[in-house]
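Hi everyone, thanks for coming.

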Amino acid sequence: MSEHRSRDGVQSGRLPPEAYARNFGDAHPPMTRHQALVESDRCLFCYAAPCVEACPTSIDIPSFIRKIATGNLKGSARDILQQNIMGAVCARVCPTEVLCEGACVRNTAEDRPVAIGALQRHATDWLSDRGIQLFERGAPSGKRVAVVGGGPAGLSCAHRLALIGHAVTVFEARAKLGGLNEYGVAAYKVAGDVAQREVEYILGVGGIEVRLGQRLGRDLTLAGLRRDFDAVFLGIGLGAVNALGVDEPALDGVHDAIAYIERLRQTRDLSALPVGRRVVVVGGGMTAIDIATQTRRLGAEDVTIVYRRGPAQMSASAKEQDWAQTNGVRIVHWARPVRLQAADGKLSRVEFEYTRLDAQGQLAGTGERFTLSADMVFKAIGQVLVRDGLDGHADLLDIDSGRIAADAERRTSLPGVWAGGDCVAGGKDLTVVAVEDGKLAAQSIDRALRAGVQETTHG
Amino acid sequence: MADLTTTFLGIRSPNPFWLASAPPTDKAYNVYRAFEAGWGGVVWKTLGEDPPIVNVSGPRYGAIYGPSRHLIGFNNIELITDRPLEVNLREIRQTKRDWPDRALVVSLMVPCEERSWKAILRQVEDASADGVELNLGCPHGMSERGMGSAVGQVPEYVEMVVRWCKENTRLPVIVKLTPNVTNILAPARAAKHGGADAVSLINTISAIMAVDLDAMTPSPNVDGRGAHGGYCGPAVKPVALRMVGEIARDPECAGMPISGIGGIATWRDAAEFMALGASNVQVCTAAMVYGFKVVQEMIDGLSDWMDAKGYQSVAEFVGRATRNFVDWEHLNLNYTVKARIDQSLCIQCGRCHIACEDTSHQAITREQDGKRHYEVIDAECVGCNLCVNVCPVEHCITLVPLPIGTVDPRTGREVEGYADWTTHPNNPASDAFRPAAAAGRSGP
């Protein structure tokens, strides 16, 4: 009788209490040892394996899978983590269907790739369950590096720098490290506190000082960091959300998807988290999928994603779209919001206009409209870089397409400043790419610091 | 529909698939189930003298696996039957009475003394068995007691025991040979000289399956120790085929029927043994892994294949491949093949490339226009078959012969007609031997 599925408005406790653990627990249970053995046997140990080429962090996938098959789980985890220190979370959140698994030759052979993501989870879980630390801090170099942002890019950079021997200070604006792994990814993808366990594993190497509650532009300045440290890495992500492009009166029920997911991720008792009976999500990326699916799993009755273009243009993969639909989410393509309607100061309906591509290939409204009843509308239409955090020196940092410009080594236009992850231009907004950015930047920072040492030695 | 009826040493069975002497044929219960499933005959698990032997109460079997835990090799340290002789004989008599159309041969192993063999042969005759199979092959446990392979490894003993048996029974005598010898022809010929009606082979191969690295003991681990056992299953089929073929083509053994044993799991395996000279086959491991029902695929598959090939009876293809089993020196050295990769079947795994590149002849490309692309370079390809063997897709890579008269881009020479090593100028033993020419060539 505690079920309130059909109540109008934004309500908490829509589901029976036991449903929450089920809905927000592991979406895909881990492989058993037997499953892992059977699956690992399917790997063909390809030459110059396409899966490795498709992995942004270049994990030697055939080798780690072969080690699972031979019972060498520790070696398997080492193969993974030395290329991608966030291998445990990436095993869960990577869109493998467009990365390693998408490239697997088994797709050609029999239409079903080796389950690389699940196998990677098997190996990294094995290691995590045993608390085995594979890495060791390098001999102190005497150099100090500031890492701004404790998300995947920053932590990856910090870990690699610590392995080399540089002293790292991580400045994080929030109360916890982990970035989007902790605050932004759907809960059922990273069940069981895996994000924090990974953070602890990374810090476990030593040599990484953490300063929480330190926001660039409020508590820190880039100029100050450049003055106090030998190098600075910016892994600050994207702090602001795009606007809908329509009038957004101050209405109850209009939400930023990222902020709501963050709240959901940090809520212990999800039955206390209010959610609408009818939910509309505007957007076409992973965030749109994650907010739509999670509101459904909180008990929303009708959840509709509206995207202004077609399925092929959605940045959420086909598998992600299927996942949302399997969860009872409806996806409407080729429509854009034109008006938010209110009743009693609360959102009541969202009006949309159908879209199409005009003769010039530009998106255009058709003039035909429809409305969807909604207690909540979520904006999931991409994020933007918060530039004022860059100490008023944003002009000195070259910006490209609204994000920080960085070269192949993740050097910015400012000497001594590197950047990576979602805040730099040209990325794919993926955890795994952020990890690779941090790794590349750390290697570049090390080269620069060594060159600097030589200069002073010989100078 | 093809006729699968087989007559082996005058023993009729509805099909050529017999269960070998082994755990599946230790009791009437199992044998009845086997006959119900369709097996054409059984060789009853080896009888010995009372008091019965004692088996270990720990593990008797071990296995090695292929992908997905498919069992490809099997091992046992079980001995002959551990039930009283009288119990077995009583069950044998009843089984033959209830299943008169099935072959029922009894395996025997007693001490190497004539009176022991004479005594047990009389009892088996009384039990109305169709024939006997002398277990001169068991490589573990019994061999240390002077039986099994301890006899089978000494041709003189083989001949002696066979002679005793032939003198003391009217039943057909099959000699089961051990593969644990240097040359299988020695015991096979000895069996023939002793008067054996047939040989069956192979018995199991002496083997240690694995080492338990925690206990530091061979496995199966029996309370901290391991003994060698007898190895069988699909992995031993090639060893068995070769030994069957050797005997089948041996002029001294000519006319002696062979019952083929060793890793037979499918109709195709059976057909291969028979094509190489076995008149029927015996199976154990496949039944132990899958149960007796597995024979139905064998019957069905063999029958359909015979229909497709136009064979009316099994006798029509028994031994058809024997004459093509030759020594290396009679292989055509001018026969030239090149690997061909069917690009429409290629899944781009690159295994052919790396196998050829690292370990063979650098004859397969890896890319074309910056993309993965695997193609054979005829000027380097020696036609070795490695790429075919490592390719995960059946029929994707094939070997295509170069017609006589075409130029092999690797050697720059025209492909000629048949010529083998016996006539080759590099062969010091050939009439054409020319030391000067040979010096200019590279060795094999």
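How far apart do the C-alpha centres of domain 1 and domain 2 of chain B lie? They are 40 Å apart, and please keep in mind that this is a predicted model. Domain 1 of chain B covers residues 6–324, while domain 2 covers 328–439.

Let's stay with chain B for a moment. Its C-alpha trace spans about 75 × 55 × 50 Å along the principal axes. Chain B has 444 residues, and 43% of them count as buried. Now look at the contacts in chain B with a separation of 6 or more: 69% of those come from residues 24 or more positions apart.

Next, where do the two chains meet? Chain A brings 11 residues to the contact and chain B brings 12. On the chain A side, the elements giving two or more residues are α2 (33–40) and α8 (106–110). Sorted by class, that side of chain A has nine nonpolar residues, one polar and one charged.

Finally, let's go inside. The largest nonpolar core has 149 residues, and the ones touching the most other members are A:Val148, A:Phe233, A:Val281 and A:Phe378. Helix α17 of chain A, residues 431–458, gives the most to this core, with nine residues.

Notes:
Residues are numbered from 1 along each chain as its sequence is written. Chains are lettered from A and ligands numbered from 1 in the order in which they are written. This is a predicted model: local features need pLDDT of at least 70, side-chain atom pairs count only at pLDDT 80 or more; totals for chains, interfaces and linings use all residues. A residue is buried if 20 or more other C-beta atoms lie within 10 Å of its own, exposed if 12 or fewer, and partly exposed in between; C-beta atoms are placed from the backbone. Two residues are in contact if their C-beta atoms, placed from the backbone, lie within 7 Å. Helices (H or I, at least four residues) and strands (E, at least two) are DSSP runs, numbered from the N terminus. Ala, Val, Leu, Ile, Met, Phe, Trp, Tyr, Cys and Pro count as nonpolar, Asp, Glu, Lys and Arg as charged, and the others, Gly among them, as polar. Domain bounds come from an automatic or database domain assignment. A nonpolar core is a set of buried Ala, Val, Leu, Ile, Met, Phe, Trp, Tyr and Cys residues joined through C-beta atoms within 7 Å.
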